[in-house]
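Trainee: I have a structure open and want to learn how to read it. Can you take me through a few features?

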Amino acid sequence: MTAILSTRDLRKDFVTAKPLFGEATVVRAVAGVSLDIAEGETFAIVGESGCGKSTLARLLLRLIDPTAGEVWYKGEDLASLPPARLRALRRELQFIFQDPFSSLNPQMTVGALIEEPLRTHGIGTPPERRAKVADLLTRVGLRPEHADRYPHEFSGGQRQRIGIARALASGPSVLIGDEPVSALDVSIQAQVVNLLEDLKQDFGLTLIVIAHDLAVIRHMADRVAVMYLGEVVECGPAADLYANPKHPYTEALLAAIPVASYGARAARTMVEGDPPNPISPPPGCRFHPRCPYATDLCRSERPALTDLGAGRSVACHRAADLSLDGLDDVAQSRTPAARDRFALYARAMADKPHQKSPE
Amino acid sequence: MTDAPLLELEKLTIALKGVDQPIVDDVGFTLSRGETLCIVGESGCGKSLTSLALMGLLQTPPLRVTGGTAHFAGEDLLSMGTARLRQIRGGKMAMIFQEPMTSLNPGLRIGEQIAESVRRHKGLSHQDARARALEMLRRVRIPAPEKRLDEYPHQLSGGMRQRAMIAMALANDPELLIADEPTTALDVTIQAQILRLMRSLQQETGAAMVLITHDLGVVAEMADKVAVMYGGRIVEAGSAEQVFTDPQHPYTIGLMSSMPSLGARAGRLVTVPGTVPQPAQMPPGCRFATRCPFATSACTLVPSLTDLGGGHRVACAHAPLTALETPALRSTGT
């Protein structure tokens, strides 16, 4: 595996303002993450609110400065790069934001928004840039004439397409999406997921997706890292990790998914309560207060992320002796006539020439 | 279920000022005691407006109920006076909203909010009402309920707030619970806890539930009956088994196809093309026609919701859809 982006013991602490009495508190949002992301893969970072996944995404592009640790991109440590060199590298590392309503400047036309990164990086002459904008709009399923309109004239799904075109403008090799489809309706979400996969192929991108939706991750990702309270607790190829989780938290996440199939297994609650406050994480394994398998060792000693071979790694003292439940292949129980109807629908959709277009 | 339904909604129509076509059109369903009906659909399909109309909480103007009846235990919710509606709302009929932070009073302690509601609806004394509030927090399994009673909403986590909302909704033993995206703002492990809690409380109390959601997974977990809405109309309705194992409407099929599978990866997702038209731009006939791969000239008429047998109703000119009858594919978009 050739890693395009690697982190080593990456940390980010947020310090609260010092109160009138007492000490300021420190939130360890990212508490020592080491990852290798391979060129050309789709890598997903999954976890619940407050696990540090969005902070990690921002650290990967150094949109925020790490407290400690390294981020390696093509032989250079982004974490210690001087600002000028960092700006130049940003061309190759781009970000897609979750909320297409707040991430586009409402006073700029769509064309100006997409052209901005080209101007910033001094790419092309004005006519070349205009041609590039028109091309990008077509590539993301919009029309060149949309360049003269403003973001408010578009729906959420279309705005996310504009955000994607903007991210693609400077010709990046790595695209990081922080919940890129979670604000969208199901049918629009599927369109954008397909678009991202097409663009990844067309432009030879490495895609890093931050998400909480485990079904979207299962569909998109080659490899998955599961985060809990600032740490990666498990990492591995998506198919393996879903079928055969090694960390009790991964098992709990998979068990909690409501499956959209009649008579499917009911979602199970493997863990009770909420994740603990990251200001005062528990000693030992951070998951132990909610873990059904915790022992004395888990309560006192923090497990390290350990290589299990076959691309799998896990941070759990009991990884060797636990046999955890994964998500079995979820078959849809449908009548034969319904199965024919789905095939008919899929065929009709495949025949539609403007399938990619949102209008 | 042979007894009379608890809730019988018929021909509900809601108009939006400045828009000619109704934005909720001819919506109806029945619900018996102990049953859960899930209304599923995407943004703008009218699912929330339908539930707000039932509770008399539509913002008027610009919205207005222009037709229909909603018989709840023999009385029409849509035509009753505000005083009577206030008695019923929060009492026999209770609501749970998506974002508990906006529906709980941030300046009032949790215990006081629940107590206020039971004092009002059950006429309990201050002391008894507080005891009832404590009992309810215990029933929704909030840890250390005695302590939580005197805390403010901001001191609770998202999951705990949603539990507090449920405690408040159930404090007056409602017969009907209307829950609008109750778990959408929650993490998946917390969602599983809340759904389990809602199911077990419903079994204990025998309340009927209308659950509004966009998540077909939640529908499969919770529903006895399902109504799929698109563009302000019900396009398909039936038992959960009928709708999931034998979906008929092209929109239902498109919605289900759009969901990524949890099993082995299966190439590109089959989607629903395009976007929902703006309310003022809804096509005159079938409102899904602009996005439907099977649309023909027959779809310029409003399709009626027709029973295909066993109460499975579909509003599609081409239902039941078979390969032989497949109309020529539409050649161009809008």
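Trainee: Which residues does Gln98(B) touch, not counting residues up to four places away in sequence?

Mentor: Keep in mind that this is a predicted model. Gln98(B) touches Asp180(B), Glu181(B), Pro182(B), Thr184(B) and Ala185(B).

Trainee: Where in chain B is Gln98(B) placed?

Mentor: Look in the loop between strand S6 (93-96) and helix H3 (100-103) of chain B. Leu211(B) is 113 residues from Gln98(B) in sequence, yet their C-alpha atoms are 11 Å apart in space.

Trainee: Is Gln98(B) buried, partly exposed or exposed?

Mentor: Count neighbours. Buried takes 20 or more other C-beta atoms within 10 Å. Gln98(B) has 19, so Gln98(B) is partly exposed.

Trainee: Now a helix pair. How do H3(A) and H4(A) cross?

Mentor: Read the distance and the angle. The axes of H3(A), residues 110-120, and H4(A), residues 126-139, come within 9 Å and cross at roughly 120°. That angle makes the pair oblique. The crossing is right-handed.

Trainee: Which residues meet there?

Mentor: From H3(A), Gly111(A), Ile114(A), Glu115(A) and Leu118(A); from H4(A), Arg129(A), Lys132(A), Val133(A) and Leu136(A). By class, the contact has four nonpolar, one polar and three charged residues.

Trainee: And between chains: how many residues of chain B are in contact with chain A?

Mentor: Interface size is often given as the accessible area lost when the parts come together. Here we count residues. 54 of chain B are in contact with 57 of chain A. H8(B) gives the largest share of the chain B side, eight residues. That side divides into 26 nonpolar, 19 polar and nine charged residues.

Definitions and conventions: Residues are numbered from 1 along each chain as its sequence is written. Chains are lettered from A and ligands numbered from 1 in the order in which they are written. This is a predicted model: local features need pLDDT of at least 70, side-chain atom pairs count only at pLDDT 80 or more; totals for chains, interfaces and linings use all residues. Helices (H or I, at least four residues) and strands (E, at least two) are DSSP runs, numbered from the N terminus. A residue is buried if 20 or more other C-beta atoms lie within 10 Å of its own, exposed if 12 or fewer, and partly exposed in between; C-beta atoms are placed from the backbone. Two residues are in contact if their C-beta atoms, placed from the backbone, lie within 7 Å. Axes are lines fitted to C-alpha atoms, for helices over the stretch in contact, and angles run from 0 to 180 degrees between N-to-C directions. Angles under 35 degrees count as roughly parallel, over 145 as roughly antiparallel, 65 to 115 as roughly perpendicular and the rest as oblique. A crossing is left-handed if the near helix is turned anticlockwise from the far one by less than a right angle, and right-handed if clockwise. Ala, Val, Leu, Ile, Met, Phe, Trp, Tyr, Cys and Pro count as nonpolar, Asp, Glu, Lys and Arg as charged, and the others, Gly among them, as polar.
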